Amino acid sequence: PVSLKDRLAELIPKEIENVKAVRAEHGKKAFGPVLVDQLYGQVLTSVLSRLPALIWDGSVLDPGSSFTRLFFLSAHPRSPEEGIRFRGKTIPEIQAELPKAPGGSEPLPEGLFWLLVTGEIPTQEQVAELSRDWAARAAIPEFVEEILDRCPPTLHPMSQFSLAVTALNHNSAFAKAYQDGISKKDYWGPTFEDAMDLIAKLPNIAGRIYRNVFAKGKLPSIDASKDYSHNLAALLGFGDDPAFVELLRLYITIHSDHEGGNVSAHTGKLVGSALSDPFLAYGAALNGLAGPLHGLANQEVLIWLRKMQSKLGDDPSDEAVKEYIWSTLKAGQVVPGYGHAVLRKTDPRYTAQREFALKHLPDDKMFKLVGQIYNLVPDILLEAGKAKNPWPNVDAHSGVLLTHYGLDQMSFYTVLFGVSRAFGVAAQLIWDRALGAPLERPKSYSTAAIQKMFAGK
Ligand code: CMX
(Lines give C-alpha, C1' and ligand atoms only; values in the text may rest on other atoms or scores of the structure.)
Protein backbone atom coordinates (compact mmCIF):
# COMPACT_ATOMS: atom_id res chain seq x y z
CA PRO A 1 0.00 0.00 0.00
CA VAL A 2 1.08 3.61 -0.53
CA SER A 3 -0.85 5.02 2.41
CA LEU A 4 0.92 5.08 5.78
CA LYS A 5 -2.25 4.12 7.62
CA ASP A 6 -2.93 1.15 5.34
CA ARG A 7 0.65 -0.06 5.81
CA LEU A 8 0.29 0.33 9.57
CA ALA A 9 -2.94 -1.67 9.51
CA GLU A 10 -0.96 -4.52 7.94
CA LEU A 11 1.84 -4.28 10.51
CA ILE A 12 -0.29 -4.15 13.67
CA PRO A 13 -1.61 -7.75 13.59
CA LYS A 14 1.90 -9.04 12.86
CA GLU A 15 3.37 -7.10 15.80
CA ILE A 16 0.57 -8.34 18.08
CA GLU A 17 1.57 -11.90 17.13
CA ASN A 18 5.27 -11.08 17.64
CA VAL A 19 4.61 -9.67 21.13
CA LYS A 20 2.52 -12.74 21.96
CA ALA A 21 5.38 -15.02 20.92
CA VAL A 22 7.96 -13.03 22.93
CA ARG A 23 5.70 -13.13 25.99
CA ALA A 24 5.13 -16.86 25.57
CA GLU A 25 8.86 -17.55 25.32
CA HIS A 26 10.33 -15.06 27.80
CA GLY A 27 7.34 -13.80 29.76
CA LYS A 28 8.17 -15.55 33.02
CA LYS A 29 11.82 -14.51 33.04
CA ALA A 30 12.92 -11.85 35.51
CA PHE A 31 14.08 -8.52 34.17
CA GLY A 32 15.30 -6.40 37.08
CA PRO A 33 12.47 -6.21 39.62
CA VAL A 34 9.78 -7.26 37.11
CA LEU A 35 8.94 -10.16 34.81
CA VAL A 36 9.18 -9.59 31.04
CA ASP A 37 5.44 -10.27 30.83
CA GLN A 38 4.74 -7.45 33.23
CA LEU A 39 6.54 -4.95 31.00
CA TYR A 40 3.91 -5.56 28.37
CA GLY A 41 0.85 -6.20 30.46
CA GLN A 42 0.74 -5.16 34.03
CA VAL A 43 3.68 -3.06 34.98
CA LEU A 44 1.72 0.16 34.78
CA THR A 45 -0.98 -1.00 37.15
CA SER A 46 -0.39 -4.01 39.33
CA VAL A 47 3.40 -3.69 39.49
CA LEU A 48 3.98 0.06 39.32
CA SER A 49 1.20 0.77 41.78
CA ARG A 50 3.15 -1.29 44.33
CA LEU A 51 6.69 -0.43 43.24
CA PRO A 52 8.08 2.34 45.46
CA ALA A 53 8.78 4.96 42.78
CA LEU A 54 7.85 8.41 44.04
CA ILE A 55 8.10 10.54 47.15
CA TRP A 56 5.17 12.76 48.14
CA ASP A 57 4.30 13.53 51.77
CA GLY A 58 0.97 15.27 51.16
CA SER A 59 -1.22 12.18 51.06
CA VAL A 60 -0.83 8.43 51.22
CA LEU A 61 -3.24 5.70 50.26
CA ASP A 62 -3.70 2.53 52.22
CA PRO A 63 -5.03 0.05 49.67
CA GLY A 64 -6.83 -1.91 52.33
CA SER A 65 -6.00 -5.35 50.96
CA SER A 66 -4.14 -8.28 52.37
CA PHE A 67 -1.51 -8.70 49.63
CA THR A 68 -0.09 -5.21 50.01
CA ARG A 69 -0.86 -4.84 53.68
CA LEU A 70 2.27 -6.60 54.80
CA PHE A 71 4.50 -4.30 52.77
CA PHE A 72 2.43 -1.26 53.57
CA LEU A 73 2.17 -1.84 57.30
CA SER A 74 5.91 -2.03 57.63
CA ALA A 75 6.09 1.49 56.20
CA HIS A 76 2.96 2.76 58.00
CA PRO A 77 2.72 0.79 61.23
CA ARG A 78 -0.48 2.49 62.46
CA SER A 79 -2.31 2.48 59.15
CA PRO A 80 -5.58 0.57 59.16
CA GLU A 81 -7.53 -0.07 55.96
CA GLU A 82 -9.09 3.29 55.37
CA GLY A 83 -7.75 4.58 52.02
CA ILE A 84 -6.59 8.18 51.75
CA ARG A 85 -4.82 10.01 54.57
CA PHE A 86 -3.89 13.65 54.09
CA ARG A 87 -0.66 14.23 56.02
CA GLY A 88 -1.60 11.26 58.17
CA LYS A 89 -5.23 12.29 58.71
CA THR A 90 -8.32 10.42 57.48
CA ILE A 91 -11.23 12.23 55.86
CA PRO A 92 -13.37 12.09 59.06
CA GLU A 93 -10.37 13.51 60.96
CA ILE A 94 -9.88 16.43 58.60
CA GLN A 95 -13.63 17.05 58.63
CA ALA A 96 -13.42 17.34 62.39
CA GLU A 97 -10.14 19.25 62.70
CA LEU A 98 -9.88 21.73 59.80
CA PRO A 99 -11.37 25.23 60.24
CA LYS A 100 -14.93 25.79 58.96
CA ALA A 101 -16.70 28.82 57.53
CA PRO A 102 -18.92 30.72 60.01
CA GLY A 103 -22.08 28.60 60.32
CA GLY A 104 -20.61 25.85 58.12
CA SER A 105 -19.81 22.28 59.06
CA GLU A 106 -17.58 21.13 56.16
CA PRO A 107 -13.82 21.84 56.16
CA LEU A 108 -12.52 24.84 54.21
CA PRO A 109 -10.23 23.72 51.33
CA GLU A 110 -7.92 26.59 52.29
CA GLY A 111 -7.16 24.62 55.44
CA LEU A 112 -6.54 21.45 53.48
CA PHE A 113 -4.01 23.29 51.29
CA TRP A 114 -2.24 24.58 54.41
CA LEU A 115 -2.19 21.03 55.75
CA LEU A 116 -0.85 19.60 52.45
CA VAL A 117 1.92 22.19 52.30
CA THR A 118 2.97 22.25 55.96
CA GLY A 119 1.67 19.07 57.59
CA GLU A 120 0.00 21.30 60.19
CA ILE A 121 -3.63 22.10 60.99
CA PRO A 122 -3.98 25.86 60.42
CA THR A 123 -5.74 28.35 62.68
CA GLN A 124 -8.93 30.13 61.66
CA GLU A 125 -6.86 33.30 61.03
CA GLN A 126 -4.35 31.51 58.82
CA VAL A 127 -7.19 30.12 56.72
CA ALA A 128 -8.91 33.52 56.48
CA GLU A 129 -5.64 35.04 55.29
CA LEU A 130 -5.38 32.39 52.55
CA SER A 131 -8.96 33.18 51.43
CA ARG A 132 -8.05 36.87 51.22
CA ASP A 133 -4.77 36.19 49.41
CA TRP A 134 -6.47 33.97 46.81
CA ALA A 135 -9.26 36.51 46.27
CA ALA A 136 -6.61 39.18 45.68
CA ARG A 137 -4.85 36.99 43.07
CA ALA A 138 -8.05 35.77 41.38
CA ALA A 139 -8.21 37.98 38.26
CA ILE A 140 -7.16 36.35 34.98
CA PRO A 141 -5.39 38.24 32.17
CA GLU A 142 -7.67 39.74 29.54
CA PHE A 143 -6.11 37.65 26.77
CA VAL A 144 -7.01 34.47 28.68
CA GLU A 145 -10.61 35.71 28.94
CA GLU A 146 -10.53 36.26 25.19
CA ILE A 147 -9.16 32.76 24.54
CA LEU A 148 -12.07 31.32 26.52
CA ASP A 149 -14.64 33.58 24.88
CA ARG A 150 -13.46 32.45 21.46
CA CYS A 151 -13.75 28.74 22.21
CA PRO A 152 -16.77 27.15 20.52
CA PRO A 153 -19.27 25.97 23.17
CA THR A 154 -18.91 22.52 21.64
CA LEU A 155 -15.25 22.34 22.77
CA HIS A 156 -15.22 20.16 25.89
CA PRO A 157 -14.93 22.24 29.08
CA MET A 158 -11.81 20.28 30.08
CA SER A 159 -10.03 21.24 26.85
CA GLN A 160 -10.94 24.88 27.47
CA PHE A 161 -9.73 24.54 31.06
CA SER A 162 -6.35 23.16 30.05
CA LEU A 163 -5.93 25.81 27.32
CA ALA A 164 -6.54 28.62 29.81
CA VAL A 165 -4.31 27.17 32.54
CA THR A 166 -1.48 26.60 30.05
CA ALA A 167 -1.82 30.20 28.82
CA LEU A 168 -1.34 31.50 32.40
CA ASN A 169 2.31 30.56 31.91
CA HIS A 170 2.55 33.99 30.18
CA ASN A 171 2.94 35.57 33.65
CA SER A 172 4.82 32.76 35.40
CA ALA A 173 7.12 33.99 38.16
CA PHE A 174 9.16 30.78 37.93
CA ALA A 175 9.64 30.97 34.14
CA LYS A 176 10.79 34.57 34.49
CA ALA A 177 13.10 33.85 37.41
CA TYR A 178 14.63 30.96 35.48
CA GLN A 179 15.32 33.21 32.50
CA ASP A 180 16.87 35.70 34.92
CA GLY A 181 19.26 33.01 36.17
CA ILE A 182 17.75 32.04 39.54
CA SER A 183 19.84 29.66 41.64
CA LYS A 184 18.54 26.11 42.20
CA LYS A 185 18.21 26.62 45.93
CA ASP A 186 15.75 29.46 45.37
CA TYR A 187 13.42 27.62 42.94
CA TRP A 188 10.72 27.07 45.48
CA GLY A 189 9.99 30.80 46.02
CA PRO A 190 8.66 31.68 42.54
CA THR A 191 7.14 28.19 42.30
CA PHE A 192 5.16 29.01 45.44
CA GLU A 193 3.96 32.29 43.90
CA ASP A 194 2.87 30.48 40.71
CA ALA A 195 1.17 27.74 42.73
CA MET A 196 -0.81 30.34 44.70
CA ASP A 197 -1.73 32.23 41.51
CA LEU A 198 -2.77 29.00 39.83
CA ILE A 199 -5.19 28.00 42.59
CA ALA A 200 -6.48 31.57 42.96
CA LYS A 201 -7.30 31.97 39.25
CA LEU A 202 -9.12 28.66 38.73
CA PRO A 203 -12.56 29.86 39.92
CA ASN A 204 -12.57 32.68 37.36
CA ILE A 205 -11.54 30.25 34.62
CA ALA A 206 -14.06 27.59 35.65
CA GLY A 207 -16.82 30.18 36.07
CA ARG A 208 -16.16 31.71 32.66
CA ILE A 209 -16.19 28.31 30.95
CA TYR A 210 -19.45 27.38 32.68
CA ARG A 211 -21.17 30.62 31.75
CA ASN A 212 -19.91 30.59 28.16
CA VAL A 213 -20.69 26.95 27.43
CA PHE A 214 -24.10 26.83 29.09
CA ALA A 215 -25.19 30.42 28.26
CA LYS A 216 -25.51 31.42 31.90
CA GLY A 217 -24.87 35.15 31.55
CA LYS A 218 -22.17 37.40 32.94
CA LEU A 219 -19.71 36.51 35.68
CA PRO A 220 -19.99 38.37 38.99
CA SER A 221 -16.74 39.60 40.50
CA ILE A 222 -14.85 37.91 43.33
CA ASP A 223 -15.91 38.94 46.85
CA ALA A 224 -12.73 39.40 48.91
CA SER A 225 -14.64 38.87 52.16
CA LYS A 226 -15.77 35.36 51.16
CA ASP A 227 -13.98 32.01 51.17
CA TYR A 228 -12.72 30.25 48.02
CA SER A 229 -15.63 27.82 47.67
CA HIS A 230 -18.21 30.55 48.21
CA ASN A 231 -16.62 32.58 45.43
CA LEU A 232 -16.46 29.58 43.12
CA ALA A 233 -20.14 28.82 43.80
CA ALA A 234 -21.06 32.46 43.12
CA LEU A 235 -19.13 32.49 39.84
CA LEU A 236 -21.10 29.42 38.77
CA GLY A 237 -24.37 31.10 39.80
CA PHE A 238 -24.99 29.10 43.00
CA GLY A 239 -23.67 31.56 45.59
CA ASP A 240 -27.07 31.99 47.24
CA ASP A 241 -27.42 28.32 48.09
CA PRO A 242 -25.57 27.64 51.38
CA ALA A 243 -25.92 23.86 50.99
CA PHE A 244 -24.28 23.97 47.56
CA VAL A 245 -21.45 26.10 48.98
CA GLU A 246 -20.97 23.52 51.74
CA LEU A 247 -20.94 20.77 49.12
CA LEU A 248 -18.19 22.58 47.20
CA ARG A 249 -16.12 22.93 50.39
CA LEU A 250 -16.32 19.18 50.94
CA TYR A 251 -15.88 18.41 47.23
CA ILE A 252 -12.74 20.51 46.81
CA THR A 253 -11.28 19.14 50.04
CA ILE A 254 -11.68 15.46 49.22
CA HIS A 255 -10.74 15.61 45.50
CA SER A 256 -7.54 17.59 46.12
CA ASP A 257 -4.94 14.87 46.43
CA HIS A 258 -4.72 11.08 46.17
CA GLU A 259 -1.03 10.27 46.54
CA GLY A 260 1.56 11.31 43.97
CA GLY A 261 1.14 8.54 41.41
CA ASN A 262 -2.39 8.93 40.00
CA VAL A 263 -2.49 10.13 36.38
CA SER A 264 -3.12 13.83 37.06
CA ALA A 265 -0.81 14.23 40.07
CA HIS A 266 1.91 12.21 38.42
CA THR A 267 1.63 14.13 35.15
CA GLY A 268 2.00 17.39 37.06
CA LYS A 269 5.08 16.02 38.81
CA LEU A 270 6.58 14.55 35.64
CA VAL A 271 6.16 17.73 33.60
CA GLY A 272 7.32 19.83 36.55
CA SER A 273 10.46 17.68 36.73
CA ALA A 274 11.57 19.30 33.45
CA LEU A 275 11.31 22.64 35.31
CA SER A 276 8.22 23.55 33.29
CA ASP A 277 6.42 26.11 35.47
CA PRO A 278 3.32 25.18 37.52
CA PHE A 279 0.91 26.45 34.84
CA LEU A 280 2.47 24.27 32.13
CA ALA A 281 2.68 21.34 34.55
CA TYR A 282 -0.93 21.68 35.66
CA GLY A 283 -2.22 22.22 32.12
CA ALA A 284 -0.71 18.82 31.30
CA ALA A 285 -2.15 17.29 34.47
CA LEU A 286 -5.62 18.47 33.44
CA ASN A 287 -5.30 16.67 30.12
CA GLY A 288 -4.72 13.45 32.08
CA LEU A 289 -7.61 14.18 34.40
CA ALA A 290 -9.80 14.55 31.30
CA GLY A 291 -9.49 10.82 30.48
CA PRO A 292 -12.52 8.56 31.08
CA LEU A 293 -10.55 6.10 33.24
CA HIS A 294 -9.57 9.01 35.53
CA GLY A 295 -11.42 12.27 36.28
CA LEU A 296 -13.82 12.13 33.36
CA ALA A 297 -15.40 9.11 35.07
CA ASN A 298 -17.61 11.50 37.09
CA GLN A 299 -19.19 12.66 33.81
CA GLU A 300 -19.41 9.07 32.58
CA VAL A 301 -21.17 7.93 35.75
CA LEU A 302 -23.91 10.50 35.29
CA ILE A 303 -24.37 9.66 31.60
CA TRP A 304 -24.62 5.99 32.57
CA LEU A 305 -27.11 6.68 35.38
CA ARG A 306 -29.25 8.90 33.15
CA LYS A 307 -29.35 6.21 30.45
CA MET A 308 -30.31 3.66 33.07
CA GLN A 309 -33.08 5.90 34.43
CA SER A 310 -34.47 6.61 30.99
CA LYS A 311 -34.51 2.90 30.18
CA LEU A 312 -35.72 1.53 33.53
CA GLY A 313 -37.63 4.46 35.06
CA ASP A 314 -37.16 6.07 38.49
CA ASP A 315 -37.80 3.00 40.65
CA PRO A 316 -36.22 0.03 38.89
CA SER A 317 -36.19 -3.44 40.44
CA ASP A 318 -32.87 -4.97 41.52
CA GLU A 319 -33.27 -7.52 38.72
CA ALA A 320 -33.62 -4.81 36.08
CA VAL A 321 -30.60 -2.90 37.41
CA LYS A 322 -28.50 -6.10 37.50
CA GLU A 323 -29.39 -6.81 33.90
CA TYR A 324 -28.42 -3.25 32.94
CA ILE A 325 -25.03 -3.60 34.68
CA TRP A 326 -24.38 -6.92 32.92
CA SER A 327 -25.34 -5.39 29.57
CA THR A 328 -22.68 -2.70 30.12
CA LEU A 329 -20.02 -5.35 30.77
CA LYS A 330 -21.16 -7.53 27.89
CA ALA A 331 -20.85 -4.55 25.56
CA GLY A 332 -17.13 -4.45 26.46
CA GLN A 333 -17.48 -1.28 28.55
CA VAL A 334 -16.42 -0.53 32.11
CA VAL A 335 -18.88 0.24 34.89
CA PRO A 336 -17.90 3.87 35.51
CA GLY A 337 -17.18 4.87 39.09
CA TYR A 338 -16.14 1.35 40.15
CA GLY A 339 -12.67 -0.12 40.49
CA HIS A 340 -9.34 1.45 41.33
CA ALA A 341 -5.67 0.90 40.53
CA VAL A 342 -4.62 0.99 44.21
CA LEU A 343 -7.68 0.93 46.48
CA ARG A 344 -9.17 -2.42 47.42
CA LYS A 345 -12.25 -1.27 49.31
CA THR A 346 -14.97 1.38 49.15
CA ASP A 347 -13.28 4.72 48.56
CA PRO A 348 -13.65 6.85 51.73
CA ARG A 349 -14.28 9.81 49.43
CA TYR A 350 -17.37 7.93 48.22
CA THR A 351 -18.42 7.37 51.82
CA ALA A 352 -17.95 11.06 52.71
CA GLN A 353 -20.20 12.06 49.82
CA ARG A 354 -22.76 9.43 50.74
CA GLU A 355 -22.88 10.84 54.26
CA PHE A 356 -23.36 14.34 52.87
CA ALA A 357 -26.27 13.01 50.77
CA LEU A 358 -27.83 11.21 53.74
CA LYS A 359 -27.74 14.50 55.64
CA HIS A 360 -28.89 16.88 52.88
CA LEU A 361 -30.79 14.89 50.23
CA PRO A 362 -31.86 11.51 51.63
CA ASP A 363 -34.94 11.30 49.38
CA ASP A 364 -33.31 12.24 46.09
CA LYS A 365 -34.27 9.60 43.50
CA MET A 366 -30.89 9.44 41.84
CA PHE A 367 -29.13 9.19 45.21
CA LYS A 368 -31.34 6.17 45.95
CA LEU A 369 -30.40 4.64 42.61
CA VAL A 370 -26.69 5.18 43.41
CA GLY A 371 -27.24 3.35 46.72
CA GLN A 372 -29.08 0.52 44.97
CA ILE A 373 -26.24 0.18 42.45
CA TYR A 374 -23.71 0.06 45.30
CA ASN A 375 -25.52 -3.02 46.62
CA LEU A 376 -25.37 -4.75 43.23
CA VAL A 377 -22.24 -3.82 41.27
CA PRO A 378 -19.51 -5.35 43.50
CA ASP A 379 -20.99 -8.87 43.33
CA ILE A 380 -21.37 -8.58 39.57
CA LEU A 381 -17.80 -7.34 39.06
CA LEU A 382 -16.57 -10.18 41.27
CA GLU A 383 -18.59 -12.68 39.27
CA ALA A 384 -17.31 -11.20 35.99
CA GLY A 385 -13.89 -11.97 37.48
CA LYS A 386 -11.65 -9.28 36.02
CA ALA A 387 -11.64 -6.13 38.17
CA LYS A 388 -9.26 -6.38 41.13
CA ASN A 389 -11.35 -3.92 43.09
CA PRO A 390 -15.13 -4.22 42.75
CA TRP A 391 -15.87 -1.27 45.05
CA PRO A 392 -16.92 2.29 44.15
CA ASN A 393 -14.47 5.17 43.78
CA VAL A 394 -14.94 8.92 44.29
CA ASP A 395 -16.57 9.43 40.89
CA ALA A 396 -19.50 7.09 41.57
CA HIS A 397 -21.10 9.71 43.80
CA SER A 398 -20.07 13.27 42.99
CA GLY A 399 -22.33 13.91 39.98
CA VAL A 400 -25.49 12.98 41.85
CA LEU A 401 -24.80 15.62 44.50
CA LEU A 402 -24.10 18.35 41.92
CA THR A 403 -27.21 17.39 39.93
CA HIS A 404 -29.35 17.62 43.05
CA TYR A 405 -28.49 21.31 43.42
CA GLY A 406 -29.14 22.04 39.75
CA LEU A 407 -25.61 21.77 38.37
CA ASP A 408 -26.66 19.09 35.92
CA GLN A 409 -24.32 19.85 33.02
CA MET A 410 -22.28 16.66 33.23
CA SER A 411 -19.54 17.74 30.84
CA PHE A 412 -18.58 20.36 33.43
CA TYR A 413 -18.06 17.94 36.33
CA THR A 414 -14.42 17.15 35.64
CA VAL A 415 -13.63 20.88 35.66
CA LEU A 416 -14.62 20.96 39.35
CA PHE A 417 -12.42 17.92 39.96
CA GLY A 418 -9.67 19.90 38.18
CA VAL A 419 -10.10 22.95 40.41
CA SER A 420 -9.64 20.71 43.41
CA ARG A 421 -6.78 18.53 42.13
CA ALA A 422 -4.73 21.73 41.61
CA PHE A 423 -4.39 21.93 45.41
CA GLY A 424 -2.51 18.64 45.59
CA VAL A 425 -0.41 19.15 42.46
CA ALA A 426 0.51 22.73 43.48
CA ALA A 427 1.61 21.58 46.94
CA GLN A 428 3.63 18.78 45.40
CA LEU A 429 5.36 21.09 42.89
CA ILE A 430 6.40 23.49 45.66
CA TRP A 431 8.01 20.65 47.61
CA ASP A 432 9.58 19.10 44.52
CA ARG A 433 11.37 22.36 43.77
CA ALA A 434 12.29 22.87 47.45
CA LEU A 435 13.80 19.38 47.68
CA GLY A 436 15.37 19.43 44.21
CA ALA A 437 13.35 16.50 42.84
CA PRO A 438 15.16 14.97 39.86
CA LEU A 439 14.14 14.88 36.22
CA GLU A 440 11.90 11.83 35.70
CA ARG A 441 13.12 9.60 32.94
CA PRO A 442 12.17 5.90 33.07
CA LYS A 443 13.98 3.55 30.70
CA SER A 444 12.06 1.98 27.83
CA TYR A 445 13.07 -1.12 25.87
CA SER A 446 12.23 -2.33 22.39
CA THR A 447 10.74 -5.78 21.80
CA ALA A 448 13.76 -6.56 19.63
CA ALA A 449 16.07 -5.75 22.58
CA ILE A 450 14.06 -8.05 24.84
CA GLN A 451 14.28 -10.87 22.27
CA LYS A 452 18.04 -10.40 21.96
CA MET A 453 18.64 -10.13 25.68
CA PHE A 454 16.76 -13.32 26.55
CA ALA A 455 17.58 -15.44 23.50
CA GLY A 456 18.81 -18.84 24.61
CA LYS A 457 18.38 -18.06 28.33
N1 CMX B 1 -15.87 -2.23 35.04
C2 CMX B 1 -15.52 -3.22 34.18
N3 CMX B 1 -14.29 -3.74 34.11
C4 CMX B 1 -13.38 -3.28 34.99
C5 CMX B 1 -13.69 -2.28 35.93
C6 CMX B 1 -14.99 -1.74 35.93
N7 CMX B 1 -15.35 -0.75 36.75
N8 CMX B 1 -12.57 -2.01 36.65
C9 CMX B 1 -11.60 -2.82 36.18
N10 CMX B 1 -12.09 -3.58 35.15
C11 CMX B 1 -11.35 -4.49 34.30
C12 CMX B 1 -10.24 -3.73 33.58
O13 CMX B 1 -10.77 -3.03 32.45
C14 CMX B 1 -9.27 -4.82 33.24
O15 CMX B 1 -9.76 -5.50 32.12
P16 CMX B 1 -8.73 -6.12 31.01
O17 CMX B 1 -7.96 -7.17 31.76
O18 CMX B 1 -9.65 -6.64 29.96
O19 CMX B 1 -7.86 -4.99 30.54
C20 CMX B 1 -9.37 -5.74 34.47
O21 CMX B 1 -10.65 -5.45 35.08
C22 CMX B 1 -8.27 -5.53 35.51
O23 CMX B 1 -8.25 -4.16 35.85
P24 CMX B 1 -7.75 -3.70 37.32
O25 CMX B 1 -6.34 -4.13 37.49
O26 CMX B 1 -8.77 -4.09 38.33
O27 CMX B 1 -7.87 -2.11 37.20
P28 CMX B 1 -6.78 -1.08 36.61
O29 CMX B 1 -5.84 -0.75 37.71
O30 CMX B 1 -6.24 -1.57 35.31
O31 CMX B 1 -7.70 0.19 36.29
C32 CMX B 1 -9.47 1.71 36.73
C33 CMX B 1 -8.28 0.95 37.32
C34 CMX B 1 -9.98 2.74 37.73
C35 CMX B 1 -9.00 2.44 35.45
C36 CMX B 1 -10.58 0.69 36.37
O37 CMX B 1 -11.05 0.09 37.56
C38 CMX B 1 -11.72 1.30 35.60
O39 CMX B 1 -11.67 1.37 34.37
N40 CMX B 1 -12.82 1.75 36.31
C41 CMX B 1 -13.92 2.46 35.66
C42 CMX B 1 -13.53 3.89 35.36
C43 CMX B 1 -13.43 4.73 36.61
O44 CMX B 1 -14.31 4.71 37.45
N45 CMX B 1 -12.35 5.51 36.72
C46 CMX B 1 -12.17 6.48 37.82
C47 CMX B 1 -11.13 6.10 38.85
C48 CMX B 1 -10.99 7.16 39.91
C49 CMX B 1 -10.39 8.41 39.34
O50 CMX B 1 -9.20 8.36 38.92
O51 CMX B 1 -11.05 9.44 39.26
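Q: His294: buried, exposed or partly exposed?
A: Partly exposed, because His294 has 19 C-beta neighbours inside 10 Å. Keep in mind that this is a predicted model.

Q: Where does His294 lie?
A: In the loop between helix 15 (278–289) and helix 16 (297–312).

Q: And which residues is His294 in contact with, leaving aside neighbours within four places in sequence?
A: Val263, Ser264, Gly288 and Leu289. Ser264 is also one of the buried residues of helix 14.

Q: What does the UniProt "active site" annotation cover?
A: His294, His340 and Asp395, according to the UniProt record, which is an unreviewed entry. These residues span 102 residues in sequence, but no two of their C-alpha atoms are more than 10.8 Å apart, so they gather at one spot.

Q: Where is the place of His340?
A: In the loop between helix 17 (318–330) and helix 18 (348–360).

Q: What does His340 touch, not counting residues up to four places away in sequence?
A: Asp347, Asn389 and Asn393.

Q: Switching to the ligand. Which residues come nearest?
A: Ala297, Gly339, Ala341, Lys386 and Ala387, out of 23 residues around the ligand.

Q: How does that shell divide into nonpolar, polar and charged?
A: There are 10 nonpolar residues, 10 polar and three charged.

Q: Back to helix 14. How many of its residues are buried?
A: Eight of the 10 in helix 14 (residues 263–272), so mostly covered. Among the buried ones are His266, Lys269 and Val271.

Q: What covers the buried residues of helix 14?
A: The cover includes helix 15 and helix 21 (413–435).

Q: Last topic, backbone angles. Which residue other than glycine has a positive phi?
A: Ala215 is one, with phi near 50°. Leu275 is another residue other than glycine with a positive phi, near 65°. Most residues other than glycine have a negative phi.

Q: Where does Ala215 lie?
A: In the loop between helix 11 (188–213) and helix 12 (228–236). Ala215 is exposed, because 7 other C-beta atoms lie within 10 Å.

Q: And where does Leu275 lie?
A: In the loop between helix 14 and helix 15. Leu275 counts as partly exposed, because it has 17 C-beta neighbours inside 10 Å.

How values were computed. Residues are numbered from 1 along each chain as its sequence is written. This is a predicted model: local features need pLDDT of at least 70, side-chain atom pairs count only at pLDDT 80 or more; totals for chains, interfaces and linings use all residues. A residue is near a molecule or strand if its C-beta atom, placed from the backbone, lies within 6 Å of it. Ala, Val, Leu, Ile, Met, Phe, Trp, Tyr, Cys and Pro count as nonpolar, Asp, Glu, Lys and Arg as charged, and the others, Gly among them, as polar. UniProt positions are given in the numbering used here, feature names are shortened, and annotations may be inferred rather than shown by experiment. Helices (H or I, at least four residues) and strands (E, at least two) are DSSP runs, numbered from the N terminus. A residue is buried if 20 or more other C-beta atoms lie within 10 Å of its own, exposed if 12 or fewer, and partly exposed in between; C-beta atoms are placed from the backbone. Two residues are in contact if their C-beta atoms, placed from the backbone, lie within 7 Å.
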